[in-house]
Amino acid sequence: MLRWLEQLALFGFAPLALALLADGGGGIFLPLYAGAAGAALLLRRIGRGPALRLDWDALDRAYRRRLAGRTALVAAGIAVVVALDPGLDFFGFPRERPALWALVMCLYPLLSVYPQELLLRAFHFERYAGLVARPAAFLALNAVVFGWIHIVFWNPFAVLLSIPAGWLLADTYSRTRSLGAVCVEHAVYGNLVFTLGLGRYFFHGAVGG
């Protein structure tokens, strides 16, 4: 019960409090880095340090084939959302601000993806997987948690659109137990979001984005 409450505090109330304080702004990175650092220290303290290894060997042929198929599926899904939302613009970011877009493509995996995956996959799996008996149920829980932390962008679309992506990432981590593999996949999906036109919901939220 205590661990359920801990999970609720860390991954439920804390993102909501941060959303209220930051109001979808840029003040989310310091808490993210602090949380990731704390998670890494705790994993080492409880003897789960190997979970922090990137393990590039997991990026084998089967992984690459699965990632290619999923990337096509995610790109198609993003394209549908962008086409249905008149406030979004296909390839608007790279077309209108190519230098900033290129910078985001390079820095997003390092500054955002890695700490997120350390928290949401390495730490969350190691700390809370035992709370749920069925593996599929835990994947669903992890996906919902991943979606919910996007409440920091202060719009429901960021939360809802992140849940299916979270399930794919949780599935990859469950299969590979590789932080490197899931970071690569997360980076691919995120860069697609910013490139194809969905990034508005993941900068400063739908209002005023």
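Biologist: Is C183 buried or exposed?

Modeller: C183 counts as buried, at 10% relative accessibility. Buried means under 20% relative accessible area, exposed over 50%, and partly exposed in between, using a 1.4 Å probe and protein chains only. Before we go on, this is a predicted model, so local features need pLDDT of at least 70, side-chain atom pairs count only at pLDDT 80 or more, and totals for chains, interfaces and linings use all residues. Residues are numbered from 1 along each chain as its sequence is written, and side-chain values use heavy atoms, with hydrogens and water left out.

Biologist: How many disulfides are there?

Modeller: The general idea is that a disulfide is a covalent bond between the sulfur atoms of two cysteines. Here a disulfide is called when a pair of cysteine sulfur atoms lies within 2.5 Å. By this rule the count is zero. The sulfur of C106 has its closest cysteine sulfur in C183, 16 Å away, and that is too far for a bond. C106 counts as exposed, with 53% relative accessibility.

Biologist: Okay, on to charges. How many salt bridges does the structure hold?

Modeller: In general, side chains of opposite charge can pair when their charged atoms come close. The cut-off here is a side-chain nitrogen of Lys or Arg within 4 Å of a carboxyl oxygen of Asp or Glu. The structure holds eight salt bridges. One of them joins D89 and R95, with the closest N and O atoms 2.4 Å apart. D89 is partly exposed, at 35% relative accessibility.

Biologist: Where do R121 and E117 lie?

Modeller: Both sit in helix α5, residues 98-128, four residues apart, or about one turn of the helix. Helices here are DSSP runs (H or I, at least four residues), numbered from the N terminus. The R121 and E117 side chains form a salt bridge, 2.7 Å from N to O, and both residues are buried.

Biologist: And which residue does E126 pair with?

Modeller: E126 forms a salt bridge with R177, and the closest N and O atoms are 3.7 Å apart. E126 is in helix α5 while R177 is in the loop between α7 (156-176) and α8 (179-196), so this pair ties together parts that are 51 residues apart in sequence. Both ends are partly exposed: E126 has a relative accessible area of 22%, and R177 has 40%. There's also a network, in which salt bridges that share partners join R70, D171, R175 and E185.

Biologist: Now the inside. Which residues touch the most other members of the largest nonpolar core?

Modeller: In soluble globular proteins, nonpolar side chains tend to be buried together. A nonpolar core is a set of buried Ala, Val, Leu, Ile, Met, Phe, Trp, Tyr and Cys residues joined through side-chain atoms within 4.5 Å. The largest one has 56 residues, and F11, I78, L120, F194, L198 and F202 touch the most other members. Its largest share, eleven residues, comes from α5.

Biologist: What does F202 touch?

Modeller: Contact means heavy atoms within 4.5 Å. Leaving out residues up to four places away in sequence, F202 touches H150, F153, A158, L161, S162, V193 and F194.

Biologist: And H124, buried or exposed?

Modeller: H124, in helix α5, is buried, at 0% relative accessibility. Its contacts beyond four places in sequence include F11, F138 and V145. L160 in helix α7, on the other hand, is exposed, with a relative accessible area of 57%.

Definitions and conventions: Helix = DSSP H or I, 4+ residues; strand = E, 2+ residues; numbered from the N terminus.
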